[in-house]
Amino acid sequence: MIPHVYIEDLAPFDGQKVTLRGWLYHKRSSGKVRFVVVRDGTGIMQCVASLADVGEKIFESIDALTQESSLTVTGTVRAEPRAPGGYEMRLESLSVIQIAEEYPITPKEHGTAFLMDHRHLWIRSRRQHAILRVRHAVVKAIRDFFDERKFTLFDPPIFTPAACEGTSTLFATDYFGEKAYLTQSGQLYGEAGCMAFGKIYTFGPTFRAEQSKTRRHLTEFWMVEPEVAFLDLEGAMELAEDVIVFVIARVLESRMEELKTLERDVSLLERIKKPFPRITYTEAIDLLKKSGHDVEWGADFGGDEETTISSRFDQPVMVHRFPAAIKAFYMKRDPDDDRLALGFDMLAPEGRGEIIGGSQREDDLNNLVARIREHDLPPEAFEWFLDLRRYGSVPHAGFGLGLERTVGWIAGAQHVRETIPFPRMMSRLRP
Ligand code: 4AD
Ligand code: MG
């Protein structure tokens, strides 16, 4: 029996006869030799067919192959350092499964709108494929990080009755005659989870009706949100730093091939190490003013401000203690200055902007009730949440790490639309 092998698993089969199943990536011919480049989802490999080896019939079927035709190939594989993927096959037989119709994505340049309309095919391209493999490695690393630290995975609901991150970006839907919203964040449920399990993390899709068309905004994005009882702001910042260092190390270990395909400057990732710089919001405002930004204390940062701050550091930088007025209702006030919230944002280097937002939570019942009122939120919807402050309230903290922005930074993808298989944005619901 000739084994069926995936290209990424070829190493133990050096010098042996194997069968690969996949799609035609591209082909070339030169006289009595045909080069058939096959991709199988795990890699690409060049097969070399000589007329003498394979005969007329197979030569004809190679000549009939179109881009993305599906096929199987059999032959002896050999390590070939110069070949993409490191192996080459001497073709012995080939069978066609389907001759593909004229493939819309050709090696020529296509516009982004065209590629986005063909996202279901675009994901076969090397660059998109590499980014999505990095995404998988990032997800796995995040899970391993929290699992190894004995956090309990805690899945929050997606249909929710209330806002977590402000009422302006809610997606509403009809829930049997009642209004429900797609979750903006699993945090409030995560807070219940940490009082039950000590330390938890949520990991799932979250939704925001973002009106902004930027490189950093999706309407559906994935977030991991750890929440820990008896943790303070400083502890949350340390946890955020640890998870980033862990994830980067893992990606460098397991996805070097993809980073090479992406032409990522890995030296910028290799130098990421603890401790990350920490600056206060007030210091960040000074920095912005000195850099010529027209900002006043009290204003929130936009993308440009974040870019300026983050490009000042070659490590991710954590900005903490924002004005409470521009932050969410659940953040605890700084006991040393009531104008400030004990929250932080982590801004990725290379001008990437915010990848993590977190805080220590308000743990006092009366303060929290007052905040809900100040933010004009419907108190009934938060009754259950207030129970967490009635029954054994403790200091606690957590954060949300945006998966797509993190993958975009690590993979060097300029736009978050390339970091998720089927991006959802203001002007993009299809395919
Ligand atoms: O800063 P945010 O809004 O924080 C929260 O949702 C908190 N409840 C998290 C927590 O403390 N448990 O969002 C967290 C992160 C951001 O730093 C960003 O990386 C990402 O989520 N994010 C988005 N990513 C893509 N598209 C969007 N529209 C995003 N909005 C936020
Ligand atoms: Mg934020």
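Q: Is F399 buried or exposed?
A: F399 is buried, with a relative accessible area of 1%. Buried means under 20% relative accessible area, exposed over 50% and partly exposed in between, with a 1.4 Å probe and protein chains only.

Q: And what about F344, buried or exposed?
A: F344 is likewise buried, and its relative accessible area is 1%.

Q: Before going on, what kind of model is this, and how are things numbered?
A: This is a predicted model, in which local features need pLDDT of at least 70 and side-chain atom pairs count only at pLDDT 80 or more, while totals for chains, interfaces and linings use all residues. Residues are numbered from 1 along each chain as its sequence is written, chains are lettered from A and ligands numbered from 1 in the order in which they are written, and side-chain values use heavy atoms, with hydrogens and water left out.

Q: How many aromatic pairs are there?
A: The structure holds 18 aromatic pairs. Rings of Phe, Tyr and Trp (its six-membered ring) pair if their centres lie within 6.5 Å; planes under 30 degrees apart count as stacked, over 60 as edge-to-face and the rest as tilted.

Q: Which rings cluster with F385?
A: Ring pairs link F385 with Y189, F329, Y330, F382 and W384 into a cluster.

Q: Which charge lies over the face of F385?
A: R389 does, at 4.4 Å from the ring centre. R339 lies over the face of W297, at 4.5 Å from the ring centre. A charge sits over a ring if NZ of Lys or CZ of Arg is within 6 Å of the ring centre and within 35 degrees of the ring normal.

Q: Changing topic: which strands does β15 pair with?
A: β15 runs antiparallel to β13, joined by six bridges, and to strand β16 (residues 353-360), also through six bridges. β14 and β15 pair in the antiparallel sense over two bridges. Two strands pair if DSSP finds at least two bridges between them.

Q: What stands opposite A341?
A: F322 stands opposite A341 in β15, and A341 is also the bridge partner of R333. On the β16 side, M346 stands opposite I356.

Q: How many residues lie between β15 and β16 in their hairpin?
A: That hairpin has four residues between the strands, and E350 takes a positive phi near 60 degrees. The hairpin of β14 and β15 has two residues between them.

Q: Which residues of α9 are buried?
A: In helix α9 (residues 281-290), they are Y281, A284, I285, L287 and L288. They fall within an arc of 160 degrees seen down the axis of α9, so they line one face of the helix. The arc is that of the directions from the helix axis to the C-beta atoms.

Q: What covers them?
A: The cover includes β12 (278-280), α10 (303-310) and β13.

Q: Lastly, which residues touch the most other members of the largest nonpolar core?
A: F146 and I244 do, in a core of 49 residues. A nonpolar core is a set of buried Ala, Val, Leu, Ile, Met, Phe, Trp, Tyr and Cys residues joined through side-chain atoms within 4.5 Å. α6 (233-254) is among the elements that each supply at least two residues, and α6 gives the most, with 11 residues.

Q: What is I244 in contact with?
A: Leaving aside neighbours within four places in sequence, the contacts of I244 include F276, M346, I356, L401 and W409. Contact means heavy atoms within 4.5 Å.
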